[in-house]
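Hi there,

Here is the structure I promised to pass on. Have a look at it first, and my notes on what turned up follow below.

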Amino acid sequence: MFSISTLVDVVRIPPSLFGTTLKKAAINILKEKYESMINADLGYIIMILDAKVDEMGKMIAGDGGTFHKVEFEALTFYPKLQEIVQGEIVDITDFGAFVRIGPTDALLHLSQVMDDYLKSDVKSGMILANQSGRTLKVGSTLRARITAVSLGKAAAMGKIGITCRQPFLGADDWIAEEIEKAGGGGSGESSPKEAKVEAS
């Protein structure tokens, strides 16, 4: 999910930055160019960490700046399919909830919350389950699995879909309830299942 990527580029140092150190000038230019960018191969580029700049630059006729090759490290976030993520609900809509995971928001569609009839109450910022009485609201933290990732080339915003429809996913208190149930009935049920497997 989060990783440090090493990249190579050529930066133009304008005459206005000739007074600062080469490294500092290059990092400032790289920050403007790359930070908050979405790349199809790298994912979300969060921040530039460090840079090594070639001291020998090139000049082009009619351009007052110098061009330097630079190798730099960037902190990136690439959501992967089937990955389990922890997030916080930041918005409730008619069709589901937006969950903040890392530097971006993922869509949790109503159909992917749980196996129950759900009602979205946008005014109060809640999703209500009809049968179980469970709720999700803005500020709730939950665990989900990534089911869709779309990071188009030079996209201003990527699209991520998540689901909570499997055991031990969903709001933190739901997971605690499931763990309690599993712990209570787990030991008594395990031996007959094992016997069946051995017999076959």
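A residue counts as buried under 20% relative accessible area, as exposed over 50%, and as partly exposed in between. Please keep in mind that this is a predicted model.

By that rule, R165 is partly exposed because its relative accessible area is 42%. D115 has 68% relative accessibility, so D115 counts as exposed. The side chains of these two, R165 and D115, meet in a salt bridge, with 3.5 Å from N to O. This pair links distant parts of the chain, 50 residues apart: R165 sits in the loop between β12 (159-163) and β13 (170-171), and D115 in the loop between β7 (104-109) and β8 (118-121).

A search of the whole structure gives seven salt bridges. Another one of them joins D63 to R12, where the closest N and O atoms are 2.9 Å apart. Here too distant parts of the chain are linked: D63 is in the loop between β3 and β4 (66-77), R12 is in strand β1 (residues 2-13), and 51 residues separate them. D63, at 21% relative accessibility, is partly exposed, and so is R12, at 35%.

D105 and R100 form a salt bridge as well, their closest N and O atoms lying 2.3 Å apart. D105 is partly exposed at 26%, and R100 is partly exposed at 39%.

Away from the charges, I4, M47 and L49 make up a nonpolar patch on the surface, with about 260 Å² of accessible area together. L49 belongs to strand β3 (residues 43-53) and is partly exposed, at 37% relative accessibility.

Best wishes

Note on methods
Residues numbered from 1 in each chain as written. Predicted model: local features only at pLDDT ≥ 70, side-chain atom pairs only at ≥ 80, totals over all residues. Heavy atoms only, no water. Patch = residues over 30% accessible without salt bridge, like charges linked within 9 Å, V, L, I, M, F, W, Y side chains within 5 Å. Areas by Shrake-Rupley, 256 points an atom, 1.4 Å probe, with all protein chains shown as cover. Salt bridge = Lys/Arg side-chain N within 4 Å of Asp/Glu carboxyl O. Helix = DSSP H or I, 4+ residues; strand = E, 2+ residues; numbered from the N terminus. Buried < 20%, exposed > 50% of the residue type's maximum accessible area, 1.4 Å probe, protein only.
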